[in-house]
Amino acid sequence: MNSPDVPLSRPVSPPVVGIVGAGQLARMTQQAAIALGVELRVLANDRRESAARVIPDAHIGDHRDLADLREFAKGCDVITFDHEHVPNEHIRALIAEGHRVHPGASALIHAQDKAVMRERLTAIGAPCPGWARVASLADVEAFAERYGWPVVLKAVRGGYDGRGVWVCASAEEARGPLSGGAELIAEEHVPFEREVAVLVARSPHGQGVSYPVVETVQQNGICVEVIAPAPGLDEGRAADAQHIALTIARELGVTGLLAVEMFDTGTGFVVNELAMRPHNSGHWTIEGARTSQFEQHLRAILDLPLGSPAPTAPVVVMANLLGGDDPDVFSRYEHVLAHDPEIKIHFYGKEVRPGRKIGHVTALGTDVDEVRERARHAARCLRGPVHA
């Protein structure tokens, strides 16, 4: 029996984190939430979306509709995002009404608007390519006179996975993007040796941590492979890249995760893109780091002490699984696992379409070439035959 002098214990209500968007990022956050005792709620377009299939508290609504966002926010302790497409003015309205939103509107705008991002990064001294807003062919030609061809044109809003980016070798090639009606910026074409990314986390009270610098391999504008840590990158240069990312997180007031994609020129780094959420370049952390990016994001936005970003193996390789012509992925599942029992496979619960990201595989080991081949082999086998 309980002593009359000892108060009865009461269950502690777990925090409720609302994620706007129900893609694979929200889906993979669910496992981390279960371990932390955090309840997730997602705002989905429909119940067939990736995260809505596995998170019971799925609300159906439009992330562009303030009324839907307000209804969704009721009862959430903190709100965060699966993507950057929520209108910034709606985020400001939620914050004004007393909701905790991480990252906030003033930070997230830098991942939503490439012109605002470039202006701010330039102002804080982050390494950036030459750039300018452009609205006409004359603007692009004037930019090219200063920086040379090719010129990289980017849609100010909405581009991802290579969409909204055009590498133009001449004025004639620039006519197409300019005729599309989108607001554009021009960027200097940066000669680089490879692409890298730095994932950092920052909490509301300012604690920050950085994961190892990773190399990202792109094909047709889509990341197909991530190698952690980036091969051949010495400690000094790696520290430089991490310092750049942590400085950006601090100066922009980011809370949660920040992925900074960079060009490695061989002597320095140039910032390419920003994302303020869990990121494809960090999927390797599920098995490959002491604290996954999904747990880290939850810790950060709830202002909990951040976890260790230390790797669990000398080499970790993540390969994206792209859909092929055969949608029956599971018929190949058992063969991949039998061939390499240590491989880790993650499916996103998405309809299989050629070229679509439907999952990823992760391999861990000590030799970079061997680990890369294991990850690539698994991804190739799961994708199946692809016919021209």
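Alanine 228 stands opposite valine 316 in β15, in a predicted model where local features need pLDDT of at least 70, side-chain atom pairs count only at pLDDT 80 or more, and totals for chains, interfaces and linings use all residues. Residues are numbered from 1 along each chain as its sequence is written, and side-chain values use heavy atoms, with hydrogens and water left out. The strands named here (E, at least two residues) and the helices (H or I, at least four) are DSSP runs numbered from the N terminus. Two strands are taken to pair if DSSP finds at least two bridges between them.

Strand β12 (residues 222-228) and β15 run antiparallel and are joined by four bridges. Strand β17 (residues 357-365) also pairs with β15 in the antiparallel sense, over eight bridges, and here leucine 322 of β15 faces lysine 357 of β17. How many residues of β15 are buried? The count is eight of the eight residues in the strand, which spans 315-322; buried means under 20% relative accessible area, exposed over 50%, and partly exposed in between, with a 1.4 Å probe and protein chains only. In a regular strand the side chains alternate between the two faces of the sheet. For β15, one side carries Val315, Val317, Ala319 and Leu321, the other carries Val316, Met318, Asn320 and Leu322, and both faces are covered.

Five bridges join β11 to β12 in an antiparallel arrangement, with threonine 216 of β11 partnered by valine 226 of β12. On to β9 (residues 194-202), the pairing with β11 is again antiparallel and has three bridges; valine 196 has glutamate 215 in β11 as its bridge partner.

Most residues other than glycine have a negative phi, and most peptide bonds are trans. Asparagine 220, in the hairpin of β11 and β12 with two residues between the strands, takes a positive phi near 55°. With a relative accessibility of 78%, asparagine 220 counts as exposed. Aspartate 303 likewise is not a glycine and has a positive phi, of about 60°. Its place is the loop between α10 and β15, where aspartate 303 counts as partly exposed at 32% relative accessibility.

Which peptide bonds are cis? One joins tryptophan 149 and proline 150, with omega about 0°, and proline 150 sits in the loop between α6 (137-147) and β6 (151-155). Another runs from alanine 228 to proline 229, with omega near -10°. Proline 229 is placed in the loop between β12 and α8 (235-252), so numbered because helices and strands are counted from the N terminus.

Histidine 297 belongs to helix α10 (residues 293-301) and counts as buried because its relative accessibility is 4%. Not counting residues up to four places away in sequence, histidine 297 touches Thr80, Gly256, Leu257, Arg277 and Pro278, where contact means heavy atoms within 4.5 Å. Glycine 159 is found in the loop between β6 and β7 (165-168) and is partly exposed, with a relative accessible area of 25%. Leaving aside neighbours within four places in sequence, glycine 159 is in contact with Lys114 and Gly164. Glycine 159 and aspartate 113 are 46 residues apart in sequence, and 9.9 Å separates their C-alpha atoms.

For the protein chain as a whole, the secondary structure comes to 12 helices and 17 strands. The radius of gyration is 22 Å, close to the 21 Å that the globule rule gives for 388 residues, so the chain is as compact as a globular protein of that length. This radius is taken over C-alpha atoms, and the rule is 2.2 Å times the number of residues to the power 0.38. Along its principal axes, the C-alpha trace spans about 85 × 55 × 45 Å. Buried residues make up 54% of the 388 residues. Among contacts with a separation of 6 or more, 61% come from residues 24 or more positions apart.

The chain exposes about 17,600 Å², of which carbon and sulfur atoms supply 50%; the areas come from the Shrake-Rupley method with a 1.4 Å probe, and for residues only the protein chains shown count as cover. Finally, the mean positions of the 38 positive and 50 negative charges are 3 Å apart. Lys and Arg count as positive and Asp and Glu as negative, while His and the chain ends are not counted; each charge is placed at NZ of Lys, CZ of Arg, CG of Asp or CD of Glu.
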